[in-house]
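Subject: Structure handover and notes

Hi there,

Here is the structure I promised to send over. Please have a look at it first, and then read on for my notes.

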Amino acid sequence: MDDVNLKVIGNRLKAKRKELHITQDTMAEQLKITTFFISRIENGKANMSLSVLNDLCQYLDLDMAEVVRGANPSKENYLDEDVAKKLEQLSPKQKEMILDIMDTFINHSKD
């Protein structure tokens, strides 16, 4: 999780909480954490454990991958941007190798 941006995660959580018309106080009480901690999470100023993030996501009915990476696994092309970013880092020779590997996967999946 090298590219984790706490501010972006916090903004996603806050947006969903507000969309659901849930106050920080209500959420804090339900999750047994402090309103101050929720505020710091939503403002990208607090680290949280995966357990806390999972609790927040479940409470807000969010997919954790979507919150952390902006990827929604329920959408067919959710990895395309990540793949494209990785490909940009490769040399032309490495890209050729990746294309060969992809062709192999595609051809074997047709069997």
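Below is what I found, from the overall fold down to single side chains.

First, the ground rules. This is a predicted model, with local features needing pLDDT of at least 70 and side-chain atom pairs counting only at pLDDT 80 or more, while totals for chains, interfaces and linings use all residues. Residues are numbered from 1 along each chain as its sequence is written, and side-chain values use heavy atoms, with hydrogens and water left out.

**Overall shape**

The protein chain has seven helices and zero strands; these are DSSP runs numbered from the N terminus (H or I of at least four residues for helices, E of at least two for strands). The radius of gyration, taken over C-alpha atoms, is 19 Å, well over the 13 Å that the globule rule gives for 111 residues, so the chain is more spread out than a compact globule. That rule is 2.2 Å times the number of residues to the power 0.38. Along the principal axes, the C-alpha atoms fill a box of roughly 55 × 30 × 20 Å.

Of the 111 residues, 22% are buried (buried is under 20% relative accessible area, exposed over 50%, partly exposed in between, with a 1.4 Å probe and protein chains only). The chain exposes about 8,300 Å², and carbon and sulfur atoms supply 52% of it; areas come from the Shrake-Rupley method with a 1.4 Å probe, and for residues only the protein chains shown count as cover. Among contacts (heavy atoms within 4.5 Å) with a separation of 6 or more, 52% join residues 24 or more positions apart.

**Helix α4**

Helix α4 spans residues 50-60, and its buried residues are V52, L53, L56, C57 and L60. Seen down the axis, they fall within an arc of 135°, so they line one face of the helix; the arc is that of the directions from the helix axis to the C-beta atoms. Their cover includes α1 (6-19), α2 (24-31), α3 (35-42) and α5 (64-69). On the face turned away from the buried side sit the exposed residues L50 and Q58. D61 follows α4 and has a positive phi, near 55°.

**Salt bridges**

How many salt bridges does a search of the whole structure find? It finds two, where a salt bridge is a side-chain nitrogen of Lys or Arg within 4 Å of a carboxyl oxygen of Asp or Glu.

- K16 and E19 meet at 3.4 Å, N to O. Both lie in helix α1, three residues apart, about one turn of the helix. K16 counts as buried at 17% relative accessibility, while E19 counts as exposed at 52%.
- R17 and E42 meet at 2.6 Å, N to O. R17 lies in helix α1 and E42 in helix α3, so the pair ties together parts that are 25 residues apart in sequence. R17 is buried, with a relative accessible area of 7%, and E42 is buried too, with 1%.

**A nonpolar surface patch**

I98, L99, I101, M102, F105 and I106 form a nonpolar patch on the surface, with about 570 Å² of accessible area together. Patches are made of residues with over 30% relative accessible area and no salt bridge, joining like charges within 9 Å and nonpolar side chains (Val, Leu, Ile, Met, Phe, Trp, Tyr) within 5 Å. M102 is in helix α7 (residues 92-109) and counts as partly exposed, at 39% relative accessibility.

Happy to talk any of this through.

Best wishes
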